[in-house]
Amino acid sequence: MGTWSVRGWASVLVTVALGTAVSMAGSSIVFAPTAAASDDVVKVPVSFEVTNSNESKVACTSDGRRYTVRGLIVAPRSALSGDHGALTIYSHGLSYTGQSYFHFTDVPGYDYVTEQAKAGHASLAFDLPGYGASDVVKDGHDICSGSEATIIHQMVGQLRSGRYHADGHDAVSFKKIALAGHSASGLTAQAEAYSFHDIDALIVMAYADQGFSPRLLATTAQTLTRCTLGGEPKKDSPGTTGYAYFGQTDEDYRSEHLYDTDPDVAEAATANRVKNPCGRIGSVAATVASDVALLAAVHVPVLLVYGQNDALFQDNAVGTRRQKAHFVGSGDVTDVFLPGTGHAQTLGRSAPKMRAAVSDWLAARGF
C-alpha cells in the first residue's frame, strides 16, 4: 500500500482548501423541536455481510476481504411493519463508534437515533469495520475512504432488498434511503453519493472539503506520523496493527471535539474514544481531491450541518460556508449553522437543536 508523507498530505489539504470553489454567504437556521410521535420505539440489532473492496471513484487500496458489519435499526414500530418506507443510515467519524456517537446512552437525553425515532424517523447506526461490534481489520492500513463508501453501497443494496440479518425480527426492506456521515464519514458519505447514485438524500455533519483549522492539520500530521511508522495495535485486539488515535491525549479529544458539553457527557465520551484504522486517515487527501472534482454529480437533496464553534473546521467564507457551492448538480441544498455547537454535534448541550434541524429536513423530504 502506498503512503503519503506527512508534509505531502498536509500540502494537498491546504492546496485543495485554498484553491477550490467560489465563496458564498450562509445564514443561520434554527428549528423548533419536533413533537415526539406516539409510536413505540423499536431497536433491532442488524448485520451485513460486505466485501472490503474499493469500487468507488476514490483512488485508495483495501484488502478485498469479507467482513461482518453490525449496527442497530432504531425506529417507530410502524416503520418496521406494513408498507416499509424510509430509513437514514448514520456513519460515524474518527474516534467514535456508532454506539458511542449516534446511540450514546451513557447520559440520558443524548441518544440521537432514539430521539429521532420518537420524532417519527427510522435510523440505522452502525460500526464501520475496525470499530466497535463490527469485524476487526487486522491491519488498519487495509481499509480506506473508498472501500468504506463501497461497503456502505453494499449495505444500501441489502437494506433495499431486505437481504441482511435482523436479530429476532424480519429483515424489512426500505424504499427510500438517506445517508448521513459525521466528520470523516461526511467525506465517505459524499464519495458514496457521487460514486454509486443509489441514495435518495445526503446529510453531511461537521465536515467540509476546505476550511481545515490549524488544529486539524496539526492533529492529522501527528496521526499520520504514527501511521507511517506502522501504527499501533487496536485496543483489546491482540495481533492487530495499523491503528492510531486521532488526537494523542484525552485532552486533545476534549478540546477538538467537545464544546459546551455537560461534564458527565464529556467524561463518558472521552472514555469511549477509540483508535482508528490508519488507512482511513491516510486516504483523506485523495478523497478530498475526488470530492472537489465530483460533488457536482450529486443530484439528490443535500443537508449540511455545522457547529459555529467547531475547533476542526472554520466557519467562514473559505471554510464550511463554501461547501454548499460544490453541490451545483442538486437543486435542493440546505446548510445549517448552529451557534454554541462544536464538532461532536450530538453530544453538546445544543444537541436538541441539531436533532430538530435534521428531523425537520428529513420530514419535509418524506423520511
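**Notes on the predicted model**

1. Let me start with a disulfide (a pair of cysteine sulfur atoms within 2.5 Å): the torsion about the S-S bond of cysteine 227 and cysteine 278 is about -80°, so this disulfide is left-handed. The two cysteines belong to distant parts of the chain, 51 residues apart, with cysteine 227 in helix α6 (residues 214-228) and cysteine 278 in helix α9 (residues 278-282). Their sulfur atoms lie 2.1 Å apart. Helices (H or I, at least four residues) and strands (E, at least two) are DSSP runs, numbered from the N terminus.

2. A word on the ground rules. This is a predicted model, in which local features need pLDDT of at least 70 and side-chain atom pairs count only at pLDDT 80 or more, while totals for chains, interfaces and linings use all residues. Residues are numbered from 1 along each chain as its sequence is written, and side-chain values use heavy atoms, with hydrogens and water left out.

3. The structure holds 2 disulfides. The other one joins cysteine 60 and cysteine 144, with 2.1 Å between their sulfur atoms. This link is right-handed, with 65° about the S-S bond. It again ties distant parts of the chain, 84 residues apart: cysteine 60 sits in the loop between β1 (41-51) and β2 (66-76), and cysteine 144 in the loop between β4 (123-126) and α4 (145-161). Cysteine 60 counts as buried at 18% relative accessibility, and cysteine 144 is buried at 1%. With the bonded cysteines numbered in sequence order, the pairing reads 1-2, 3-4.

4. Now to the strands, which pair if DSSP finds at least two bridges between them. β1 and β2 run antiparallel and are joined by 11 bridges; in this pairing, threonine 51 stands opposite arginine 66 in β2. β1 also pairs with strand β5 (residues 165-166), in the antiparallel sense, over 2 bridges. There, serine 47 stands opposite histidine 165 in β5.

5. Which residues of helix α7 (residues 250-257) are buried? They are Asp252, Tyr253, Glu256 and His257. Seen down the axis of α7, these buried residues fall within an arc of 100° (taken from the directions from the helix axis to the C-beta atoms), so they line one face of the helix. They pack against α6 and α8 (263-272), where contact means heavy atoms within 4.5 Å.

6. A nonpolar core is a set of buried Ala, Val, Leu, Ile, Met, Phe, Trp, Tyr and Cys residues joined through side-chain atoms within 4.5 Å. The largest one has 69 residues, and Ile73, Leu124, Leu159 and Leu202 have the most contacts inside it. Helix α5 (residues 184-196) supplies the largest share of this core, 7 residues. Apart from it lies another core of 38 residues, including Phe104, Tyr112, Met354 and Ala357. Leaving aside neighbours within four places in sequence, leucine 202 is in contact with residues including Leu179, Ala189, Val298, Phe327 and Trp361.

7. Rings of Phe, Tyr and Trp (its six-membered ring) pair if their centres lie within 6.5 Å; planes under 30 degrees apart count as stacked, over 60 as edge-to-face and the rest as tilted. The count by this rule is 10 aromatic pairs. The rings of tyrosine 90 and phenylalanine 102 have centres 5.0 Å apart and planes at 45°, so this pair is tilted. Tyrosine 90 lies in strand β3 (residues 86-91) and phenylalanine 102 in the loop between α2 and α3; both are buried. Ring pairs link Tyr90, Tyr96, Tyr101, Phe102, Tyr112 and Tyr253 into a cluster.

8. Finally, two single residues. Histidine 103, in the loop between α2 (98-101) and α3 (112-118), counts as buried at 8% relative accessibility. Its contacts beyond four places in sequence are Lys43, Leu72, Gly98, Asp111, Val113 and Thr114. Alanine 351, in helix α11 (residues 351-364), is buried at 0% and touches Tyr110, Gln345 and Thr346, not counting residues up to four places away in sequence.

Key: Buried < 20%, exposed > 50% of the residue type's maximum accessible area, 1.4 Å probe, protein only.
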